[in-house]
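Subject: Structure handover

Hello,

Please find the structure below, with the sequence. My notes come after it.

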Amino acid sequence: MPVRILTLLSALLILFTACRPEVTTEAEPDPADNILQDAAAHWISGDRLIWVNKPDAERFEIRYSPDAGIIVSDQAVSESRAISLSADAELTVDQTDQFRHIADQPALEVEKTPGEVREALRGQLIAVAYDEEDRPVDATRIQTHGVIDDYFTYSGELGPIYHDEGIDLKLWAPTAQSVSLKVYDEEKNHTETIAAETELPDSGVWEFQGDQTLDRRFYRLEIEVFHPENDQINTFVVTDPYSVSLATDSRYSQFVNLDDEDLKPEGWDDIRKTQPRPVDITVYEAHMRDFSIIDESIPQEHRGTYMAFAYTGNGDRELSHGMQHLKQLQQAGLTHLHLLPINDIATVREDTANRVDVFDPYERICDIVDYPGLESQCHYYGDRLIWEVFEELAEEDPATEEIQRPYNDPGRMDGMAWYDGFNWGYDPFHFNAPQGSYSTDPDGIKRILETRKMVQGLHEIGLKTVVDVVYNHTFASGVESRFSVLDQVVPTYYHRYDVVTGDIETSTCCDNTAAEFNMMEKLIIDSVKLWAKHYKIDSFRFDLMGHHPRYVMENLQDALAKLTLDEHGVDGENLYIYGEGWNFGEVADDRIFDQATQFNMGGTGIGNFNDRLRDGVRGGNFTDTGRHQGFANGQFLFPNEDAGADGDEQLESLLYDADRIRVGMAGNLSSYPYINRTGERVDGGTDMIGFADIPQESVNYIDKHDNETLWDNTQTKLPHDMSMEDRVRVHLLSNAFINYGQGVPFYQMGSDILRSKSLDRNSFDSGDWYNAVDFTLERHLWGQGLPPGWDNEDRWDEMREFLTSEVIDVQREHMEHANQLFREQLEIRYSSPLFRLETAEEVNRRVKFHNTGPDQQPGIMAMSVSDGRCAGEPLDENYDGILVLFNADNEEQTFELELEDMRLHEIHRNSTDRVVQSASAGNGEFTIPALSAAVFVREQEDEQGEFVCN
């Protein structure tokens with residue numbers, strides 16, 4: 001062989017040796033000497049790694065092993081491959097922003113090849129620092145979100161994919177060492193295993209191909225993958241994160257084509273929903289079981305299910321009590337029914353054989369629940385229904401501890417709460433499939449068909465459907481739980497971890513997801529699009545939206561806008577999105593990204609819950625602020641027994657609450673100009689009150705599923721001796737601030753009928769007894785026993801006093817009266833577009849508050865909305881302007897205002913409320929009854945007239 005060829009081969013050999021990863025052959029360190037700790041290294045891109053609190057060292061490298069088991073002692077590293085790291089690397093501008101929370105930490109350059117990176121990511125990864133004698137001085141695990149995004153971001157379809165030639169399945173699992181598809185028949189017998197088309201795909205997407213015989217069969221995925229929780233290569237058998245149908249208890253995924261005709265109710269494809277302007281929306285928040293679980297106008301097998309919403313009076317199904325109630329509200333103006341999560345959840349057993357509900361015999365509690373201490377009750381009550389026993393106990397003692405006892409074991413995992421059919425549903429398991437416990441058959445496709453029947457039923461009575469979506473956390477992660485799907489498919493990618501310890505962040509309640517990374521963002525967008533397109537969902541409420549980046553929510557809007565009525569049957573551009581923009585946890589104050597929080601979302605059109613208005617009206621939540629009163633329930637005006645004697649402090653607080661309410665009723669606009677309590681002309685953003693740029697960005701509410709209901713909270717604030725009639729008036733006055741304000745009104749189901757949960761501040765797992773709503777008005781839940789102790793016990797002594805009060809005695813006539821007046825408030829709201837202004841310019845020009853400044857008449861709120869010449873182009877052909885007067889005092893008040901020719905609104909004049917009928921106007925003087933909201937109008941004559949502007 002010529003010398004030149006030998007020289008060339010020698011050079012190539014040297015080059016190959018230099019480029020290939022080093023494999024150490026040192027003596028194996030003793031596992032007892034392992035110095036590995038935390039997960040402080042962050043591989044943020046193919047060529048950059050950040051090491052938080054990087055040690056002083058001579059050199060650094062990544063060690064990886066496809067077999068795991070790397071041990072690092074202070075003397076050596078066990079056999080593994082190495083990738084060199086060079087210190088003092090620079091970050092790009094984009095990297096500095098994307099990893100802002102660690103961008104001030106030392107960065108290292110990763111000296112690698114693309115093939116090396118892919119190989120390394122499929123095994124155990126450790127960053128190691130060495131001293132000048134080349135001995136390890138520190139070792140830490142590596143968080144890999146950034147580099148995975150850099151190499152494996154994928155934009156195509158995932159999950160089951162149907163086409164003319166057959167059925168495919170695609171799974172994104174870039175760190176897996178192997179994946180196979182296990183197929184099962186209807187009885188869940190394993191029938192075949194299908195290999196992936198390509199092993200170790202460069203895209204990270206494992207693809208499986210089959211023929212049409214896969215249709216309706218069940219499947220799971222067997223994945224071999226490293227997980228840092230146990231530092232081992234694990235074999236997991238998991239369901240598909242992109243499952244669209246599931247077996248009972250979600251133990252198997254199912255191949256289903258959502259376009260199949262037998263999964264659509266008759267007329268489904270003909271439904272074409274145009275969306276209203278967001279400011280024309282009013283939302284009523286419901287839970288699947290609360291709505292119908294005790295509705296005897298529905299067959300028992302349909303109570304608490306999707307099918308309860310099919311009783312619309314059409315065909316052979318008579319109008320149920322619940323649907324009649326919704327229909328009456330819709331006729332008054334209600335537009336949207338919000339449903340707490342209906343996607344697959346982890347915390348409710350779908351197999352009723354393993355469940356115990358309040359309509360079962362009491363003795364079944366002991367058959368199902370392993371809860372020591374209940375044996376004597378089970379023996380005593382025997383085969384009597386749990387519900388009947390609870391009724392008897394509550395009749396004997398409205399503040400009994402015995403009803404909550406079966407729910408309230410110390411850890412709850414052994415109590416009835418863990419075994420019954422109720423949970424709010426903020427425990428996501430599979431994001432793209434409906435929850436099976438709300439179906440008449442949870443094993444397979446019925447859940448799909450029946451969810452669509454529910455949406456269709458609501459559409460038939462004129463209501464849009466909102467679903468509550470929870471993408472900010474999962475119920476579980478790690479190697480042990482069967483509920484850990486995402487984290488067993490791509491370990492440690494979908495979740496957010498402490499930057500040093502690597503402990504999973506749990507500020508949301510559970511295992512926080514990380515939507516700042518591409519494939520979690522993709523999952524969110526894909527999932528919402530699926531619900532919009534295949535279930536014709538009209539609006540989405542995001543749980544803890546502030547834990548997501550603002551740009552993710554904007555990207556979601558853009559993706560939905562591509563869904564059209566012509567092509568998809570969906571008006572995607574106008575689907576309303578709103579959520580909880582709370583600012584807390586590890587992401588707080590934009591630490592990791594610009595959050596989707598209240599003060600960050602201006603200009604997006606996405607709504608945020610307005611807690612400023614809420615707290616101003618109701619005085620905070622009882623379990624948080626005790627008996628501290630708000631504007632509507634007595635602050636300064638009729639103090640309760642615990643208010644204290646300092647009237648000046650109470651007045652100061654009342655005037656501050658009044659400012660919060662004024663800004664809130666002006667769409668909570670940060671730009672809204674008004675005179676505040678000190679006499680200054682300020683804008684709505686002063687004192688961190690207003691956060692919206694346009695009215696639709698403020699979701700105005702007085703209660704929702706969280707915290708005490710409006711009725712319950714109000715009872716704790718009022719003087720003990722206040723009459724029932726006045727208590728109802730305070731409740732309705734509180735609602736009026738929402739119904740008559742600019743923005744998007746939002747109510748908890750039953751607020752219109754004085755809904756109570758017996759003072760439960762967190763009924764997420766309290767069962768049907770504390771949560772069910774009776775639309776026949778035969779039953780009211782006040783005084784139905786002390787609520788479960790887990791979030792209430794600290795105030796049980798105070799609760800006993802309220803729950804046993806002889807003054808608080810809700811009767812049918814009180815609920816009927818409240819419902820009638822609530823509907824009248826809705827009718828007034830929808831009687832004029834002036835209550836639903838669309839732009840900040842319109843609100844700032846047309847809406848004016850009178851009785852402001854330091855000398856204002858306490859307890860009087862006066863808001864005018866102009867359609868006069870000064871307001872510009874007329875919006876209302878009937879009125880030149882509207883004046884809304886609120887009197888929060890328990891005495892009639894007279895208020896002077898130079899507005900002539902004002903007349904009480906026609907709906908008030910014909911109201912069933914004799915009290916509001918007495919409101920009057922004349923000669924610039926207005927008389928407002930106690931604890932009332934009255935709307936006056938100036939009727940337009942032949943042409944637009946004059947009316948006061950802001």
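Predicted model: local features only at pLDDT ≥ 70, side-chain atom pairs only at ≥ 80, totals over all residues.

Residues are numbered from 1 along each chain as its sequence is written, and side-chain values use heavy atoms, with hydrogens and water left out.

Pockets

The largest pocket has a volume of about 930 Å³. A pocket here is an open set of points on a 1 Å grid over the protein atoms alone, with protein on both sides within 12 Å along at least five of seven lines; a cavity is a set of points where a 1.4 Å probe fits but cannot get out; lining residues have an atom within 4 Å of a point. Grid points are joined across faces, edges and corners, and a volume is the space filled by probe spheres set on the points.

Lining the largest pocket are 33 residues, and Glu157, Leu158, Asp526, Lys529 and Leu530 are the closest to its centre. Two or more lining residues come from each of strand E9 (159–163), H12 and helix H13 (550–561). Helices (H or I, at least four residues) and strands (E, at least two) are DSSP runs, numbered from the N terminus. H12 gives the most, eleven residues. By class, the lining has 14 nonpolar, ten polar and nine charged residues. Ala, Val, Leu, Ile, Met, Phe, Trp, Tyr, Cys and Pro count as nonpolar, Asp, Glu, Lys and Arg as charged, and the others, Gly among them, as polar.

The second largest pocket, of about 650 Å³, is lined by 29 residues, with Trp424, Thr508, Cys509, Asp706 and Asn762 nearest its centre. Its lining divides into twelve nonpolar, seven polar and ten charged residues.

Helix pair

H12 (residues 518–535) also packs against helix H10 (residues 446–460), at an angle of about 70 degrees and with the axes 11 Å apart. H10 is therefore roughly perpendicular to H12 (65 to 115 degrees). Axes are lines fitted to C-alpha atoms, for helices over the stretch in contact, and angles run from 0 to 180 degrees between N-to-C directions. On the H10 side, Ile448, Thr451, Arg452 and Val455 meet Trp531, His534 and Tyr535 of H12 (contact means heavy atoms within 4.5 Å). The contact has four nonpolar, two polar and one charged residues.

Cavities

There are nine cavities of 30 Å³ or more. The largest, of about 210 Å³, is lined by 22 residues, and His42, His101, Gln143, His145 and Phe517 are the closest to its centre. Strand E2 (41–45) and helix H4 (145–152) each give two or more residues to this lining, and the largest share, three residues, is from E2.

The second largest cavity holds about 170 Å³. Of its 16 lining residues, Arg729, Leu821, Gln825, Asp913 and Ala933 are the closest to its centre. Helix H19 (724–739), helix H22 (812–829) and strand E38 (932–939) each supply at least two residues.

Sheet

E38 also belongs to an open antiparallel sheet of five strands, in the order E31-E32-E33-E38-E35. Two strands pair if DSSP finds at least two bridges between them. The edge strands, E31 (847–850) and E35 (903–904), each pair on one side only. E32 (residues 860–866) and E33 (residues 879–887) pair over seven bridges, and Ser866 has Gly881 in E33 as its bridge partner.

Regards

Technical notes: Parallel < 35°, antiparallel > 145°, perpendicular 65-115°, else oblique.
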